[in-house]
Amino acid sequence: MDKKNSADSQAQLLKGSAWMTFGSIASRILGAIYIIPWYAWMGPFGNVANALTAKSYNIYSLFLMISTAGIPGAVAKQIAKYNALEDYQTSRRLFKQGLMLMAGLGIASSVLMAVAAPILSGNDPRQIPVIRSLAFAVLIIPIMSIFRGYFQGFNNMKPSAMSQFFEQVARVAWMLLTAYIIMKVQHGNYIHAVTQSNLAAFVGALFGLVLLVWYYRKQNRELGINYTTTETTSTSWNLIFEIISQSIPFIVIDSGITLYQLVDQYTFHPILATVVRANFDQIESWYALFGLNANKLIMIVVSLSTAMAVTAIPLLSGAHARKDYRDIARQIESTIELFTFVMIPSSFGMAAIAKPLYSVFYGPDPLGTSVLVLSAVTAVTLGLFTVLLAIQQGLSENNLAIKYLLIGLIVKILIQYPCVITFKIFGPLISTNLAMIVTIAISLIHLRVRYHFNADRTSRRVLGVTIFSMIMFLFTKLALFVMELFLRHPGRMMSLIEVIICAGVGGLVFTFLVVKTELAFAIMGNRIRRITDKLPF
């Protein structure tokens, strides 16, 4: 029975991760591709406009964490718990109570964000209308996120993935349309264009919410017959208290990366201004290189870990409710191994093609390319940080997860000044890496001691993935070197061709290595043989 539960959990993890990966990657790719025309239409204000966007989105992300208060993750976790106990009526009541909380928190957070915009702007008046334009989205996204938490509690990741995708399609369409009209037709102000581009988050949220409501009604029609089991005697107030008590750790943990970015946002400029002679906009442009330009690209990769984290939480919560510790150990192993199998080669590959990739989106820039290389490496620590804290959330170790997060954040704050002074633009990324490695190390040690997962086998598989990724990196760099012999000064289109060809070479090399050594089957299971059997090797 234990083996069956472990196999079923691994299958659910793979299926759920596949759907969430589709939603995350597709939306991230759309969110990155739009920057090509958008950045070009901003003209000489491209980096400054990106800096405005990056800073406003960091504040927006924090307010989203406040407005959702971690409730979607908490609802997903608790619904998974009650479903494991076959108490479906309580699951539905939990969702409805969460929905009312979301509506109230969304209104309060939206008003607070709009009123506090002058304070949050950091003495930059250009930032005020940009921040306020995002306050509209804070009204809707909390309600949308509670629907996603509901579906995730049922291990049904398709609605979340599809709504995420269509939300991004609508958002990007609005951004490009308004940016083109303001900058190219009206020859207007770039601040107005950035403001409208941020308002696109509200437009996209409307589309995403409509789709989620449709999926919710569809699921109720299909599964309504299964909600006839006996429910617990929990009162509405007990359920609300349960949601809130579970959600507090989620808001702290989910805002982890955002808190790191806010440290950079409010310290990078003042620290750097003390050691370099440069005007305000020049330092803002340097901030944009890692704060948005590179970050937007690496978040495509980091979203893979987010997809796995979202999938792992309800599965681990269900196993924890059943007290199935063997399944918990297997879930920890599977989540870490699947993460490294996808994340490490993706990050190495991005680092290998950083030069043409950066050129495609922002034009040739040696400094921007160097920042992207370091950012690609940082994606691994960002991703593993996200996954490990999510594992602890799923196991109801919220207090420990918060403690580990705060330890890392304190390390980040303490070393931020010397890192920026010493490494300049690379300083924030280096301090982030070092701080997150501290959190990752203590989290892994705890999980191994507490749940006795097979760390030796997992370490061997991670080492194998890393070695194969390094080999892939070398082949990809060799392919890029050969292409650059013939294309000494490639334009944006030729850089795109370099990216496609070199990424293809790297992907084939890595696939060949993991299939021939059967590492792919050890991590992904035999279900992928249907795909690998079609490969020529």
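Colleague: How many cavities of 30 Å³ or more does a search of the whole structure find?

Modeller: The model is predicted, and the search finds two such cavities.

Colleague: How is empty space found in general?

Modeller: A probe the size of a water molecule is rolled over the atoms, and this shows where empty space is left.

Colleague: What space lies in the second largest cavity?

Modeller: The second largest cavity holds about 190 Å³ of space. Its lining consists of 16 residues. Those nearest the centre of this cavity are Gln261, Asp264, Phe290, Asn295 and Leu429.

Colleague: And which helix gives the most to that lining?

Modeller: Helix H12 does, with six residues. H12 spans residues 280-322. At least two lining residues each also come from H11 (256-273), H15 and H17.

Colleague: How do the residues of that lining divide by class?

Modeller: Eight are nonpolar, seven are polar and one is charged.

Colleague: Let us move on to pockets. What is the volume of the second largest pocket?

Modeller: The volume of the second largest pocket is about 480 Å³. This pocket is lined by 24 residues, and Thr340, Ile344, Val380, Leu384 and Val462 lie nearest its centre.

Colleague: Which helices each supply at least two residues of the pocket lining?

Modeller: They are H13 (325-352), H15 (366-394), H17 (427-451) and H18 (455-486). Helix H13 gives the most to the lining of this pocket, with seven residues.

Colleague: What is the lining of the second largest pocket like by class?

Modeller: It has 17 nonpolar residues, six polar ones and one charged one.

Colleague: You named H13 and H18. At what angle do their axes cross?

Modeller: The axes of H13 and H18 cross at roughly 15 degrees and come within 8 Å. Angles under 35 degrees count as roughly parallel, so H13 is roughly parallel to H18.

Colleague: Is the crossing left-handed or right-handed?

Modeller: H13 passes H18 in a right-handed crossing. The residues of the contact between H13 and H18 divide into 13 nonpolar, six polar and six charged.

Colleague: A change of topic: how far does helix H8 reach from its first C-alpha to its last?

Modeller: Helix H8, residues 158-185, reaches 39 Å. That is close to the 40 Å expected for its 28 residues at 1.5 Å a residue.

Definitions and conventions
Residues are numbered from 1 along each chain as its sequence is written. This is a predicted model: local features need pLDDT of at least 70, side-chain atom pairs count only at pLDDT 80 or more; totals for chains, interfaces and linings use all residues. Side-chain values use heavy atoms; hydrogens and water are left out. On a 1 Å grid over the protein atoms alone, a cavity is a set of points where a 1.4 Å probe fits but cannot get out, and a pocket is an open set with protein on both sides within 12 Å along at least five of seven lines; lining residues have an atom within 4 Å of a point. Grid points are joined across faces, edges and corners, and a volume is the space filled by probe spheres set on the points. Helices (H or I, at least four residues) and strands (E, at least two) are DSSP runs, numbered from the N terminus. Ala, Val, Leu, Ile, Met, Phe, Trp, Tyr, Cys and Pro count as nonpolar, Asp, Glu, Lys and Arg as charged, and the others, Gly among them, as polar. The expected span of a helix is 1.5 Å times one less than its number of residues. Axes are lines fitted to C-alpha atoms, for helices over the stretch in contact, and angles run from 0 to 180 degrees between N-to-C directions. Angles under 35 degrees count as roughly parallel, over 145 as roughly antiparallel, 65 to 115 as roughly perpendicular and the rest as oblique. A crossing is left-handed if the near helix is turned anticlockwise from the far one by less than a right angle, and right-handed if clockwise.
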